[in-house]
Amino acid sequence: MGRVLIIGAGGVGSVVVHKCLQVEEVFSDVWLASRTLSRCEKIKEQAGRPIEIAQVDADNTREVVDLINRAQPDLVINTALPYQDLSIMDACLETKVDYLDTANYEPPDEAKFCYKWQWDYQDRFRDRGIMALLGSGFDPGVTNIFCAYGQKHYFDTIEYIDILDANTGDHGHPFATNFNPEINIREVTAKGKYYETGAWVETDPLSIHQSFDFPEIGPRKAYLMYHEELESLAKNIPGVKRIRFWMTFSDNYLNHLEVLKNVGLTRIDPVEYEGLQIIPLKFLKALLPDPASLGPKTKGKTCIGCVIEGIKDGKRKKIYTYNVCDHEECYREVGSQAISYTTGVPAMIGAMLMLTRVWQGRGVFNVEEFDPDPFMAKLNIHGLPWHVKEY
Ligand code: NDP
């Protein structure tokens, strides 16, 4: 029925390939392209059905345009890094092909985590008659859908949202990140920020925490962080008073991170070393385990969800919507750990809803702008079952 071009053969890209191949009636043809062809070859060998592969430097719009002209996809799924979002969107505009991603654009030299650059494509995408779906991973992605679902079925007005992300995954390494180390460390070392009564409140990195009793995991310390879905939810959930994002980290992870930060290895500005310009965080990434290699070793669970409070029929109400995912089960199914899995499955579902025209539009959209029901139904079918607990 539809042909997709997936760009980025890392942990998430690999899951998207496997999950698309499981739904042949929607994804009849799958192309995978990335900077390093051997990574595509490896995924191709493990895939259950034949796929086409190609090498591309997605920083270069011309190369992406040529690739799209060769592959003739109905949709481009961007699972490369946030740095490539705009060059791939430009190529989609030129070739008039729909676009989907899981993370917002980031300029390489500054950690911003903001949608402005991509929202600025709204008129151009609308005028070309094509659609961009932004942030169709888990967080952002499913967490936004959980809020839209709460809004549709449980509340007249949502007032408070707390997004809670726990991961007890143990990979046996002294220090490793579960997705791209550069993006992960940029996110964690950035200042915290949350939305309250129309304004953004900034906090020092990881300076605020609370304990939360996660289903199937137990009590864990969760730290307040900024996360990109806060920006779109503040815009798209009318009347919301406060939105915060919390993530758990082990003491071991935080201790390592503090030392790396103190010695300057998390810096993203260039440093001259023996005549070469080196970005310390990029160098650190080269030393750390590749997230895609953690699959066979990771044990434990993720639990990600939203505590939502608001008013229904004049009464105060609070719900918790969440998913629990097991690292080892994900590995058995698609050969990846749960962080890549929980991102790749929603990317596939977003793509499926676009290709089948269940979700359609002209312009640039965040996932919470569409009807959440079909997405929620597909999560149960494709490996990320969810629960709603009413307090
Ligand atoms: P990886 O680092 O494992 O994979 C990224 C892939 O993109 C690599 O194969 C890399 O190629 C490729 N790539 C990088 N630069 C280019 C380029 N210029 N041209 C072509 N390919 C390129 O990262 P993940 O799979 O862990 O993450 C992928 C995306 O998913 C990231 O944007 C991340 O932020 C997002 N994400 C979203 C989440 C969510 O819930 N919304 C959660 C987790 C991740 P090479 O092999 O040559 O380095």
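This is a predicted model: local features need pLDDT of at least 70, side-chain atom pairs count only at pLDDT 80 or more; totals for chains, interfaces and linings use all residues.
Local features need pLDDT of at least 70, side-chain atom pairs count only at pLDDT 80 or more, and totals for chains, interfaces and linings use all residues. Residues are numbered from 1 along each chain as its sequence is written, and side-chain values use heavy atoms, with hydrogens and water left out.

Start with the domains. The bounds come from an automatic or database domain assignment. Domain 1 covers 2-137 + 343-374, and domain 2 covers 142-337 + 385-390. Their centres, taken over C-alpha atoms, are 22 Å apart. At the interface, 34 residues of domain 1 are in contact with 25 residues of domain 2; contact means heavy atoms within 4.5 Å. About 2,500 Å² is buried between the two domains, and carbon and sulfur atoms give 55% of that. Buried area is the accessible area (1.4 Å probe) that two parts lose on being put together, summed over both. Phe-113, Glu-368 and Pro-372 supply 28% of the area that domain 1 buries against domain 2, more than any other three residues.

Now the helices. Helices (H or I, at least four residues) are DSSP runs, numbered from the N terminus. Axes are lines fitted to C-alpha atoms over the stretch in contact, and angles run from 0 to 180 degrees between N-to-C directions.

Take helix 3 (residues 61-71) and helix 4 (residues 85-95). They pack at about 45 degrees, with axes 8 Å apart. Helix 3 and helix 4 are therefore oblique to each other. Angles under 35 degrees count as roughly parallel, over 145 as roughly antiparallel, 65 to 115 as roughly perpendicular and the rest as oblique. Helix 3 contributes Val-64, Val-65 and Ile-68, among others, and helix 4 contributes residues including Ala-91 and Cys-92. The contact residues divide into five nonpolar, four polar and three charged. Ala, Val, Leu, Ile, Met, Phe, Trp, Tyr, Cys and Pro count as nonpolar, Asp, Glu, Lys and Arg as charged, and the others, Gly among them, as polar.

Next come helix 8 (residues 181-189) and helix 11 (residues 280-287). Their angle is about 125 degrees, and their axes are 9 Å apart. That makes helix 8 oblique to helix 11. Pro-181, Glu-182, Ile-185 and Arg-186 in helix 8 meet Leu-281, Lys-282, Leu-284 and Lys-285 in helix 11. This contact has four nonpolar, no polar and four charged residues.

Last, helix 12 (residues 327-334) packs on helix 13 (residues 338-355) at about 65 degrees, with axes 8 Å apart. His-327, Cys-330, Glu-333 and Val-334 in helix 12 meet Ala-338, Ile-339 and Tyr-341 in helix 13. Here the classes are five nonpolar, one polar and one charged.

Technical notes:
Helices (H or I, at least four residues) and strands (E, at least two) are DSSP runs, numbered from the N terminus.
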